[in-house]
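Reader: I am new to this structure. Can you take me through a few questions about it?

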Amino acid sequence: MSQLEHRLLQARAALSDELSIGQVYGRLLKVTGTVLEVSGCRLVLGQRCQIETEGGGELEAEVVALDREQALLLPLTAARGLFTGARVRPCPDGARLSLSSMLLGRIVDGLLRPLDGQPAPTGLPVPWHVPIPNPLLRRRVREPLDVGVRAINALLTPGKGQRLGLFAGPGVGKSVLLGMMARYTCADVVVVGLIGERGREVREFIDDCLGEAGRAKAVVIAAPADQSPLLRVRAAEACHRVAEHFRDQGKDVLLLMDSLTRFVQARREIGLAVGEPPVARGYPPSAFSALTELVERAGNGEQERGSLTAFYTVLAEGDDQQDPVADAARAILDGHVVLSRQLAEQGHYPAIDIGASISRVMSKVGSPEHLAQAVRCKRWFSLYQQVRELLPLGGIQAGKSAETDEAIACYPALQQFLQQQEQEAISFEQSLQQLAELTGARDA
């Protein structure tokens, strides 16, 4: 080793403890709509960045796509004050959330920042994304879940760890039904996600539907329609991350997300903004893959204790049950509850169409007697709907079909059984008892 090389090594060793790693900045090249093009630094997909704004402030954004030497970012808040050549500072650490029991009773946004005017909840910093449990190690759905709604308890029995869709058009009572389940479900923790809804509906759901009793054991995560599509997507993911956290602590968790459609629409906005091709009514392929990944996060985990049951509302635009989002959701969920506008117009609440609804785990959590009684009631409902329009015209003659006659005779009692007041809670045991009385009265 030469004397020069030896002196250089000594100098580097002497300075190594005092040198700090320099901060590498990128530069903002272009703003197209909500898409920010950045170059000049190494960025990773999903990485958070701080972008310099006019006046010395910073705008938080996230990398959503890569294009050769450029990275495409979307802001988490409104993009104001940006200018050409603004410095972009990559955040070195991965995005993390602070989770603890202090979240109970709180109303936060998609990044778990408080919306209720109280101090920010603190807790253990955890990664934003965790691996989805191995499907072969997940505990199976074996135990019924009491949601406090008689029609669902008795005829569409959900199980702890199940994922169901609540399919409804606008104005048929889905928010009221969600509020009833939030208040009456026998769960340790309720996580409510209000994704893409009108700001007015957020306050109304919290005050009118959830109420003080429901809010005490709930975590409300709200991302109204006026927020950026990226923040709406992150709010949906935060709902699942919070629910997973409490499930892994051994608690029975109920996740209510309104709505799954708004989540997919936010993913559509992001996909189209970065240049993805639309494939089905304007939805890019990534929107449906994100839908599957999100829903698969719900369900039971690998531990013996704890469960995560999820209800997702799916908006049927124009009451179209064949909408691409509705069709995709129906295929990947473990059941669906359909709310009928026709029943709602008749004053029938909750407006659950039990003929079009199904719980795919009901056979795993119900007794043979219970299943037989439920099938009989659904048969009555279906037969009556087939002849309902003919009855006022005298088109049905008694004695032609004993099964149809039975359905017509039993329908008034069945209709009363399916209806329930908003402030009325009916337990799982009461639901089964009243179901047995309904079917037993006919036999008697």
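**Pockets and a covered strand**

Author: This is a predicted model. Start with the lining of the largest pocket: β4 (58-67), α5 (229-248), α6 (260-273) and α7 (285-296) each supply at least two residues.

Reader: Which element gives the most to the lining of the largest pocket?

Author: The lining has 36 residues. Glu62, His129, Arg234, Glu237 and Arg267 lie nearest the centre. The element that gives the most supplies seven residues, and that is α5.

Reader: How many residues in the lining of the largest pocket are charged?

Author: The space in this pocket is about 690 Å³. By class, its lining has 17 nonpolar and eight polar residues. The charged residues number eleven.

Reader: Which helix gives the most to the lining of the second largest pocket?

Author: This pocket has a volume of about 280 Å³. Its lining counts 16 residues, with Pro170, Gly171, Lys174, Arg198 and Glu201 nearest the centre. Three residues come from the helix that gives the most, residues 174-184, which is α3.

Reader: Are the residues of strand β10 buried or exposed?

Author: Strand β10 spans residues 163-168. On one side sit Arg163, Gly165 and Phe167, and on the other Leu164, Leu166 and Ala168. Both faces are covered.

Reader: In β15, what is the bridge partner of Gly165?

Author: β10 pairs with β14 (residues 307-315) in the parallel sense over six bridges. There, Gly165 stands opposite Tyr312. Three bridges join β10 to β15 (residues 335-338), also parallel. In β15, the partner of Gly165 is His336.

Conventions: Residues numbered from 1 in each chain as written. Predicted model: local features only at pLDDT ≥ 70, side-chain atom pairs only at ≥ 80, totals over all residues. Heavy atoms only, no water. Buried < 20%, exposed > 50% of the residue type's maximum accessible area, 1.4 Å probe, protein only. Helix = DSSP H or I, 4+ residues; strand = E, 2+ residues; numbered from the N terminus. Pairing = 2+ DSSP bridges. 1 Å grid on protein atoms, 1.4 Å probe; cavity = no way out; pocket = protein on both sides within 12 Å on 5 of 7 lines; lining within 4 Å. Points joined across faces, edges and corners; volume = space filled by probe spheres on them. Nonpolar A, V, L, I, M, F, W, Y, C, P; charged D, E, K, R; others polar.
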